[in-house]
Amino acid sequence: MRTLLVLIAWLLLNLPAWAHKPSDSYLSLSVEHDQVEGRWDIALRDLADAIGLDRDGNGQLTWGEVRDAHGEIGTYALSRLMLSAGTRSCTIQMLEQLIDHHTDGAYSVLRFHSNCGGPIGRLRVDYRLLFDIDAQHKGLLRLTQGGQTNTAIFSRESAVQEFSVAERSRWAESRQFIHEGIRHIWLGFDHVLFLLVLLLPAVLILAEGRWQAAGEFSSVCWNVFSIVTAFTVAHSLTLTLAALDVVRLPSRLVESTIAASVVLAGLGNLYPAMTSRRWLIAFGFGLIHGFGFAAVLTDLGLPHDSLLLSLVSFNVGVEIGQLAIVAAFLPLAFMIRRSWSYPRLVLTGGSLAVIAIALVWFTERAFDVQLFPI
Amino acid sequence: MIRLLTVGCVIGWLMLSQIDITYAEPYRPTDDAQVLERLSFKVTDPAARAIESLRADLRNNPRHLESAVKLATRYIEQGRSEGDPRFLGQAQAVLTAWWNEVTPPPAMLLLRATIRQNAHEFSEALADLDQVLVVQPTNTQAWLTKASILQVQARYDEARRACQRLARLAASHVLLGCLGDIAGVTGQSAKSQELLRQVLSAPTLSGRERIWIATILAETAVRTGAIREAEEYFAEAFKVGIKDQYLLGVYADFLLDQGRYRDVVSLLQSETRADGLFLRLALAEQALRLPAFQSHTAELAARFAASRERGTTVHVREEARFTLALLRDAQRALPLAQANWNVQREPADARILLECALADGNRAAAQPVLDWLNANHVEDFRLRQLSEQIQETTF
């Protein structure tokens with residue numbers, strides 16, 4: 001009766017709801033092809049409850065005590081985690097054990113490597129850590145695949161969960177890079193202007209030092225095709241070299257030269273003598289523009305396992321963006337090429353305006369100053 | 001504008017320091033003697049021994065209900081002293097064999113109700129208790145636990161009826177403690193204090209019971225503004241010598257309100273594990289402009305973030321208080337205080353909601369608390385002050 005009353009009195013007081021964190025472990029799995037790299041942070045206090053780490057019984061866990069128990073910790077933890085891909089179970093190999101601190105104390109950090117013996121379509125994670133001694137324990141999972149991260153929570157009620165890995169399909173990934181490529185060519189005004197300036201005279205031909213409207217659409221197309229192709233080949237080349245880290249140029253140099261290329265292209269329209277082979281200009285400066293694209297691609301973060309695919313996809317995106325611009329420009333320019341205003345207003349005026357803009361860019365980029373604060 | 005900038009700076013700095021705490025690289029210590037963690041007990045502690053022997057009993061006889069109930073009870077009691085919710089999870093694990101039965105044994109249902117009460121699953125806990133009371137209408141403990149949950153939910157009439165069932169079932173001081181606690185909040189503090197004072201003078205009270213009664217008396221005195229009296233009751237409760245998280249928290253709040261920040265720091269200096277006490281420590285450090293305040297605030301922010309990541313919401317009252325008082329972000333604190341009020345309705349919950357509503361200039365948000373104050377004739381001079389402030393202020 002006495003103990004009952006003690007219990008009663010104590011139960012009556014509202015139990016404190018402010019207690020510190022319940023038991024959690026943090027599991028990170030990073031999937032690449034048929035391999036999984038794992039990191040698992042388990043609280044030392046939980047490990048002490050489960051397998052007893054406090055050898056000298058003084059209520060304190062030292063690094064010595066933890067290190068001596070590494071074998072047991074590894075065996076205990078790995079016996080409570082099963083990974084499988086489809087019907088194949090993955091082997092898990094412990095790599096090392098370290099220490100880290102979370103908000104509620106010290107954790108043992110288990111790094112492991114898992115091999116599933118084949119491509120992982122669906123990863124099944126069977127998590128049973130501590131549920132037998134702490135029913136409120138939870139495992140917080142971060143699953144990384146490609147650039148994507150999923151999170152999930154394991155509890156006693158949801159100890160087995162499946163994650164589809166293949167859903168990050170090649171197609172989705174490549175679509176993402178195509179999209180980025182298009183976005184970049186449209187938002188990167190310097191590339192658009194460079195291309196447009198080169199294309200402005202394409203619907204004209206130079207006869208006796210004066211601009212005249214070109215006759216057939218097919219020859220205009222051929223002209224445009226040669227310029228665009230030269231530009232494409234050149235920037236693809238340098239984009240690939242830079243993305244693969246074969247060649248690296250300082251970004252300030254690249255960006256200023258791109259601005260300079262726009263200025264020069266504009267000048268070329270004003271002094272047409274030098275523009276007989278505009279595809280050569282397109283090619284030469286295309287090389288520099290490629291380095292500019294590469295900077296964007298690096299910022300996006302290239303997945304290691306599909307470097308080539310993303311590179312090609314990004315490039316395809318750039319081309320699609322380019323072709324869209326050409327498709328919008330060419331028929332329009334072809335239609336008004338005979339008008340009085342085309343050579344004077346559009347070609348000369350347009351080129352002058354572009355030169356002015358590009359000069360501002362050049363000054364800003366080369367000398368690292370802000371002329372027109374946005 | 002300046003306020004906005006300050007909030008921005010604080011949050012930015014917190015995020016940076018949070019990254020510092022949570023995402024530091026794992027390392028390999030170089031010194032074998034480096035202490036990485038302090039456990040709840042030494043092997044030689046009586047509590048550890050008791051738990052170990054109960055565990056051994058259960059290992060030998062895993063389906064033995066009595067051993068399981070004893071061990072689970074022990075765990076829950078330990079959780080109360082330490083403020084460590086791990087013990088509740090361990091208690092639950094011990095009861096696994098009976099947890100999902102359709103009609104679990106009453107002893108097991110009682111423990112499940114307590115565990116659920118702790119997780120703020122109040123309606124599930126009440127359902128468990130009602131199930132016990134169907135089989136055992138004279139179960140003292142079930143009536144008591146039911147009364148305390150109903151009180152937290154501000155269902156005072158039902159809570160009183162639950163207490164009254166104790167009249168012939170338990171010793172008189174249990175009945176008086178149960179009723180006195182409710183009376184102290186709902187406008188009968190004088191009567192409540194008179195009765196409980198007599199109870200406290202009885203020499204036969206156990207330690208836990210003495211802490212319980214003295215804490216109710218102290219809280220009631222605080223609410224009526226009887227500072228010296230409150231101090232005496234707190235002293236009485238501490239004299240028992242059993243560590244009690246709830247008592248520590250209430251006393252720290254009392255000291256904070258008195259501006260006795262140094263006393264809070266010395267009281268809670270080593271209590272950095274339990275979030276609620278840690279929060280009060282940081283509040284005192286903030287008032288004293290101690291350097292530890294910054295790192296402690298960052299640590300608290302990380303803990304609340306971790307708790308959200310895990311998907312638990314039992315710390316909402318503390319989080320609201322943290323967000324309002326330490327981050328000074330009333331806009332974010334108010335919804336937390338409102339969410340908390342939807343779950344629990346004790347004077348402390350009312351206070352944080354009123355403070356948030358006042359700081360955010362939102363009178364409508366305070367209305368549920370104002371209604372509660374009037375409907376129940378709540379006696380609490382601080383809540384009355386706050387409610388007047390809210391009614392006087394033109395937002």
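The entries below follow the order in which I looked things up.

Entry on the model. I noted before anything else that this is a predicted model, and I read what follows with that in mind.

Entry on the sheet in chain A. I looked up the strand order and found an open sheet of 4 strands in chain A, which runs E5-E4-E8-E11 with antiparallel pairing. I then checked the edges, where strand E5 (88–89) and strand E11 (160–164) of chain A each pair on one side only. Within this sheet I followed strand E4 (residues 81–85) of chain A, which pairs with strand E8 (residues 122–127) of chain A in the antiparallel sense over 5 bridges. For A:Ala85 I found the bridge partner A:Leu123 in E8(A).

Entry on the pairing between chains. I also found that strand E3 (residues 60–62) of chain A pairs with strand E1 (residues 35–38) of chain B, antiparallel and over 3 bridges. Here the bridge partner of A:Thr62 is B:Val35.

Entry on the contact. I noted that 51 residues of chain A and 71 residues of chain B take part in the contact. On the side of chain B that touches chain A, helix H17 (residues 292–310) of chain B gives the largest share, with 7 residues. By class, I recorded 26 nonpolar, 26 polar and 19 charged residues for that side of chain B.

Entry on chain B. I listed 22 helices and 1 strand for chain B. Of the 395 residues in chain B, 47% are buried. Among the contacts in chain B with a separation of 6 or more, I noted that 50% join residues 24 or more positions apart.

Terms used
Residues are numbered from 1 along each chain as its sequence is written. Chains are lettered from A and ligands numbered from 1 in the order in which they are written. This is a predicted model: local features need pLDDT of at least 70, side-chain atom pairs count only at pLDDT 80 or more; totals for chains, interfaces and linings use all residues. Two strands pair if DSSP finds at least two bridges between them. Helices (H or I, at least four residues) and strands (E, at least two) are DSSP runs, numbered from the N terminus. Two residues are in contact if their C-beta atoms, placed from the backbone, lie within 7 Å. Ala, Val, Leu, Ile, Met, Phe, Trp, Tyr, Cys and Pro count as nonpolar, Asp, Glu, Lys and Arg as charged, and the others, Gly among them, as polar. A residue is buried if 20 or more other C-beta atoms lie within 10 Å of its own, exposed if 12 or fewer, and partly exposed in between; C-beta atoms are placed from the backbone.
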